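I opened a new page in my notebook for this one.

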There are 2 protein chains.
Amino acid sequence: MSPQLDSYFQKVDALSDSFIERLRQAVAIPSVSSEAARRPDVVRMGHFLADELTKLGASVELRPLGKQHGTDLDLPPVVLARYGNDKNKRTILVYGHYDVQPAEKSDGWDTEPFELTIKEDGRMCGRGSTDDKGPVLGWLNAIEAHQAAGIDFPVNLLMCFEGMEEYGSDGLDDLVNAEGKKFFADADAVCISDNYWLGTEKPCLTYGLRGCNYYSIEVWGPGADLHSGVFGGTAQEPMTDLVRIMASLVDTNGKILIPGIAEQVAPVTAEEEGLYDDIAFTMDTLHDSLGSKTTIFEDKKRTLMARWRFPSLSLHGIEGAFSAPGAKTVIPAKVIGKFSIRTVPDMDIDKTNEVVCRYVEEVHKKLGSKNSLKVYPQHCGKWWVASPNHWNFSAAAKATERVWGVKPDFTREGGSIPITLTFEQATGKNVLLLPMGSSTDGAHSINEKLDKRNYIEGIKLLGAYLHYVAEEPMN
Amino acid sequence: MSPQLDSYFQKVDALSDSFIERLRQAVAIPSVSSEAARRPDVVRMGHFLADELTKLGASVELRPLGKQHGTDLDLPPVVLARYGNDKNKRTILVYGHYDVQPAEKSDGWDTEPFELTIKEDGRMCGRGSTDDKGPVLGWLNAIEAHQAAGIDFPVNLLMCFEGMEEYGSDGLDDLVNAEGKKFFADADAVCISDNYWLGTEKPCLTYGLRGCNYYSIEVWGPGADLHSGVFGGTAQEPMTDLVRIMASLVDTNGKILIPGIAEQVAPVTAEEEGLYDDIAFTMDTLHDSLGSKTTIFEDKKRTLMARWRFPSLSLHGIEGAFSAPGAKTVIPAKVIGKFSIRTVPDMDIDKTNEVVCRYVEEVHKKLGSKNSLKVYPQHCGKWWVASPNHWNFSAAAKATERVWGVKPDFTREGGSIPITLTFEQATGKNVLLLPMGSSTDGAHSINEKLDKRNYIEGIKLLGAYLHYVAEEPMN
């Protein structure tokens, strides 16, 4: 059965100016979570959302999270809201965040970052437009358009909007876990709109994310930094050891050289083999976003598999060595190499840590160095894969086809959104990632934008999704 | 013939309090050359020296050097002075510097760095005490003691004291080269007192320094820094390439893996083999200064050879990668590795650059990477070795035995003092390094000191050296 959505869609179009005005008001609040001086603006943004939701008839709570870790600074509140409480309707829990990345005009922005500027081609430029104020307001706009159209809202909507996502979601995990069987208890499914289409033309639904294990390798020997003239040739240098160890982890073509990693990766099934051909993604897209042609693979399928379903290892840098421009003839006394492994099904965090640490220790041992070594994980976040066959996804697919006139791609992502897994585990329900923006939005860059089309059609999509998910047969 | 020096020595002892007072006045002037705000103090120190020299009867010139490279700041003047102009005497050119390293009590000093503090055990603590105000004042004190003792000064003394040594000797090379056949024209030999004994008990004469070729390896590919979640596994990472290249340069035991370096090193002669056994140096000394036992060799001879007469390669760091504490999941777009090779006879700078760059390019080629590479020398300074059999050295050896009652060690150093080679080339004369302080003086560290014994006996040594060098038969 196909929901009657035409009058809702018409109302979204009719209200589009006021929805853009709402986004303009939100972008004007510089809710930068990483800067202590901006904390009052982050709080103000939380109150703005709470006020708007209250006006729409939602019951709203501004939940304090205590002090920011290691500081005396109050965390911004989490906006917890409920719209509708009908036992005969499904309940959908949605998550978003109202804080943004830092931005200064002097970073190179063409326009004032905290003034929403609409270009002739429909780009709506401003910090937070696509990440994540546009999608968050999308839910509010969907409620308003239903009211204006006089259509019954199809579900009970639970909302969880945080203000620290761009700075580590301090305190949120505890709240989500604590509320899993309380505030979120009647959620039937979860929907998060905080990621992006794979390209610029075709919508997608995202059902998987890689995890990330981040490691430090410390090597030390001398009591203090040394002069390379005096000690070069007589002392075993920690930097030499560390570089040789780091060089043993991965090769130029991304092959992880640590035994016991590849063995944990789920084999590619025949069904999966067929998934990649139809995905709207070309090597040109990758070259554009990479800014070069220095790719490992030359074809789409192996590239997408490498991003989505195989682990990767990146060397990020070295702490304690000379890192400034110019020349300094120092032998660093202690250096700390940083690298991370993006993890995938069925890799186990503990097993991975074990093989990584053992391998690094073995390589160090083979060097025959008297320098000391310590290797350890700094932080680990698990991969996440949902079933794209769940009714939550099939409802979203139908809504996408209804709004965009095309079946969505089912995608995974190479990065991590740790809160996804937290919601899945805390509620025990299926989680869907339903993006509004496109791959060129530049979420963390200068000139961040959300296309007007993606915003307005996105509001239709969120509303349509709620109708389809209300009716979709359970599977 | 042994000079009659007893009355000179007695006068040095008699005047020791006033010599220490002179050092106290000099240390009290914070002539830190690297800090623009301290430039007036550096200039004041130059004038202090000029005034003292004028009072002693020297003819003095404060030679301006123009602007500091890349700034509008006047360089401190070089103090050029002459004491004596007797055609029947030899002329000795001495060099020193009157600027100092930065120092703040808050760096961890036990005493105020710019107040000379004399401890019960004879340590005279203060910035510049040993590097290089003590030795520079040594020449002035030697003049004064001769006058007070009524002894004819044995040589004509040319003095060149600069104020930028701790910040790259900006402008000095040009001056020395220009004055080689002018102000310095009648110099018969050169003596520099700006290095240290190998240990704490036995004086030494230094006849060799290693050179230094400093290299950058740039690797770049992507248009901008990347997120390792999105691009990990799909892009060839510049950091991976750079680390693998750097790992191919040297091993844990300091072996340089670049072909064409070892081949250039002068073979160890039978004569040289015997030089190391008697040197006052123990592995304990090395462990103390290293702050650990992470040495490459376990014996004195191979350690000294590694420091003095074999090349070494040190990896200093990487510019452009993540170098802060904590975790950041960045794939750097461009990274610049820094390393240097300490060079020795008979290595050629150009030949070394050629084999290094070719090797790095070959290793990069073997990686099969699409990332771009550039390798180049940042700066190169040649090694220096003088003949320790020259009459300049034999005179200094006799003076040392007379003052300290022991034959000095003939040493080389692992580091570079580029001005040494400049003086040799500009004057065409033998250069002697005649240290006053000992290995524990902590020239660039907190609690820099000069032992009272080294200062007072050092003044005797400088004066005695001038007597012996005045009489030493030419060889």
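My entries on rings, charges and the interface follow.

**Ground rules.** I am working with a predicted model, where local features need pLDDT of at least 70, side-chain atom pairs count only at pLDDT 80 or more, and totals for chains, interfaces and linings use all residues. Residues are numbered from 1 along each chain as its sequence is written, chains are lettered from A and ligands numbered from 1 in the order in which they are written, and side-chain values use heavy atoms, without hydrogens and water.

**Aromatic pairs.** I paired rings of Phe, Tyr and Trp (its six-membered ring) if their centres lie within 6.5 Å; planes under 30 degrees apart are stacked, over 60 edge-to-face, and the rest tilted. I got 18 aromatic pairs over all chains. I looked up Trp197(A) and Trp404(A): their ring centres are 5.0 Å apart and their planes stand at 80 degrees, so I noted the pair as edge-to-face. Where do these two sit? Trp197(A) is in the loop between β7 (189-192) and β8 (204-209) of chain A, and Trp404(A) is in helix α12 (residues 391-404) of chain A, so the pair ties together parts 207 residues apart in sequence. Helices (H or I, at least four residues) and strands (E, at least two) are DSSP runs, numbered from the N terminus.

**Burial.** Buried means under 20% relative accessible area, exposed over 50%, and partly exposed in between (1.4 Å probe, protein chains only). Trp197(A) is buried at 3%. Trp404(A) is buried too, at 16%.

I turned to chain B next. Phe183(B) and Phe184(B) make an edge-to-face pair, 5.9 Å centre to centre with 85 degrees between the planes. Phe184(B) is buried at 1%.

**Charges over rings.** I counted a charge over a ring if NZ of Lys or CZ of Arg is within 6 Å of the ring centre and within 35 degrees of the ring normal. Lys382(A) lies over the face of Trp383(A), 3.6 Å from the ring centre. In chain B, the charged end of Lys382(B) sits over the ring of Trp383(B), 3.6 Å from its centre.

**The interface.** How many residues of chain B are in contact with chain A? I found 77 residues of chain B in contact with 77 residues of chain A; contact means heavy atoms within 4.5 Å. The rule finds 2 salt bridges across this interface. A salt bridge is a side-chain nitrogen of Lys or Arg within 4 Å of a carboxyl oxygen of Asp or Glu. Lys370(A) and Glu298(B) meet in a salt bridge at 2.5 Å, N to O.
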